[in-house]
Amino acid sequence: MEDRIPTGARCLVTGATGYIGGRLVPELLSAGYRVRCLARDPGRLRDQPWRSEVEVATGDVTRPETLAGALDGVDVAYYLVHSLGTGRGFEDTDRRAARSFARAAAEAGVGRIVYLSGLVPSGVPEAELSPHLRFRAEVGRALRTGGVPTAELRAAVIIGSGSASFEMLRYLTERLPAMVTPRWVDTRIQPIAVRDVLHYLVGAAALPPEVDRAFDIGGPDVLTYRLMMQRYARAAGLPRRLIVPVPVLSPALSSLWVGLVTPVPGPLARPLVESLRHEVVCGEHDIARWIPDPPAGLTGFDRAVELALRRIREARVTTRWSSASLPGAPSDPLPTDPDWAGGSLYQDLRERRVAADPAALWRVVEGVGGENGWYSLPFAWGVRGIVDRLVGGVGLRRGRRDRDHLRVGDALDFWRVEEIEPGRLLRLRAEMRLPGLAWLELRVTPDGDGGACYHQRALFHPHGLAGHAYWWSVAPFHGLVFDAMARNIAARALGAA
């Protein structure tokens, strides 16, 4: 295969801000490819360690007019985007986007498309598949409509630190020593380690042009979900779990249950859960004819879990399922114009002078959220997170990618890091369900006397009457929560000085 790798070939990676795309980019660079990333918001790639080594094109697969320039001069295009978790209508969005991308790739003379899909169970009529699996298969067919040779890699559960499937497995097992579960816990599954998925994705760039088909990819183990939970418990040093399956839990109820117990929100959990009602085991391993298995062999389930847990313990999770922006989340930059949008902009301002080094204050600021909490009234923040989950939001349990450091694009509980200037500024954009757009800005400045000033600003741009009513209804609570937050951040910085 090495002889077929085109020297200097250019690969376009869509979904580079997501879980798989963010890990694929450095693998392609290591293999000698030139890489261009397609992103709706290029600024979200700014803090990636590989940013200086890639080209970035601004575009969106749902906007065909943005694709021609991004695909110009591209040899291999990776299609790693989907609308999973956006609720009703995600199927139509995916179908239209795939067809537009296929046409644009053909017009640009792209030599190959590589698509990561879901493993389709054999012997199940397509009409009986879960919506998620059915439309992932449809996207694969749509990508082939443009005439560009397409390699569709079909995987079941991907095991790796930060993947949605792994986080679901991890939290269900860790938080529930005994559980009543749906029947799908006894469904047979062939999981695959994320490192092996990346191995096949990189190898697919060098497939010969006559290869235009789907491939099943999976690890060496076939397990039930029940056995996966028990083996995860063993790898994590937990007691054996008591698992009692019952026949009455529907996919809708199961997704609510998963959403309450794990950080994976209901709209994302539901398609994952619905897919687990099918047996997803590889029907072939034909890909080995063109892409040999890794030299050390495919990674077994236990080893994959061990590697994922090690990365979590060592805080080396490079991407997470929450790395990708939630579709529909506001992408507007922080309003700096007082007449922004010609509408209202509510603000809550707090300032504190701290007799501590600015660097000490910044460490506290950058440590906000996740396991460290929000430095004020944990019960109030917890209630707000529960309310957000109940209305279909992400809640507080997305946590942080890294306990101590943040970068642009990181998910931070129900916020997203929109801007960070180390030592000076942290700006967060809200991704909870709101009748408007909201930001929280934390700023550190020297005070000229060896100390520091802490500036905290919450902003809200309401949408309609509901937005105005929301702001005034929560304003009294903001007075308590945000004042305590500013006070406690200052106190913690002073204590650390």
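## Basis of the model

Two strands are taken as paired if DSSP finds at least two bridges between them; strands (E, at least two residues) and helices (H or I, at least four) are DSSP runs, numbered from the N terminus. The structure is a predicted model, in which local features need pLDDT of at least 70 and side-chain atom pairs count only at pLDDT 80 or more, while totals for chains, interfaces and linings use all residues. Residues are numbered from 1 along each chain as its sequence is written, and side-chain values use heavy atoms, with hydrogens and water left out.

## The parallel sheet

An open sheet is formed by seven strands with parallel pairing, in the order β3-β2-β1-β4-β5-β6-β11. Because β3 (55-58) and β11 (213-216) stand at the edges with a single partner strand each, one side of each is left without a neighbour in the sheet. On average, neighbouring strands of this sheet are turned by 20° against each other, direction ignored; axes are lines fitted to C-alpha atoms, for helices over the stretch in contact, and angles between N-to-C directions run from 0 to 180 degrees.

Within the sheet, strand β1 (residues 10-14) runs parallel to strand β2 (residues 34-39), and five bridges join the two. Leu12 stands opposite Arg36 in β2.

## Helices across the sheet

Helix α4 (residues 131-143) lies across β4 (76-79), β5 (112-118) and β6 (150-155) and runs at about 170° to β5, contact meaning heavy atoms within 4.5 Å. Helix α6 (residues 194-204) also lies across β4, β5 and β6, at about 155° to β5.

Several residues of helix α7 (residues 225-235) are buried, including Tyr225, Met228, Met229 and Tyr232. Here buried means under 20% relative accessible area, exposed over 50%, and partly exposed in between (1.4 Å probe, protein chains only). Just after α7, Gly237 takes a positive phi of about 75°.

Arg226 forms a salt bridge with Asp186, with the closest N and O atoms 2.9 Å apart; a salt bridge is a side-chain nitrogen of Lys or Arg within 4 Å of a carboxyl oxygen of Asp or Glu. Arg226 lies in α7 and Asp186 in the loop between β8 (178-181) and β9 (188-189), so the pair ties together parts that are 40 residues apart in sequence. Both residues are partly exposed: Arg226 has a relative accessible area of 26%, and Asp186 has 38% relative accessibility.

## The loop between β2 and β3

Arg44 is found in the loop between β2 and β3. This residue is buried yet has no salt bridge, since the nearest side chain of opposite charge, Asp41, is 5.4 Å away. A polar atom of the Arg44 side chain lies 3.3 Å from the backbone oxygen of Gly409.

Arg46 does form a salt bridge, with Glu419, the closest N and O atoms being 2.6 Å apart. The pair links distant parts of the chain, with Arg46 in the loop between β2 and β3 and Glu419 in strand β16 (residues 415-421), 373 residues apart. Arg46 is partly exposed, at a relative accessible area of 37%.

## Further salt bridges

The structure holds 33 salt bridges. One of them joins the side chains of Asp447 and Arg353 (3.8 Å, N to O). Asp447 lies in the loop between β18 (436-446) and β19 (452-462) and Arg353 in strand β14 (residues 346-354), so the pair ties together parts that are 94 residues apart in sequence. Arg353 is exposed, with a relative accessible area of 62%.

How values were computed
Lys, Arg positive; Asp, Glu negative; His and termini not counted. Polar contact = N/O pair within 3.5 Å; in protein donor to acceptor, adjacent residues only side chain to side chain.
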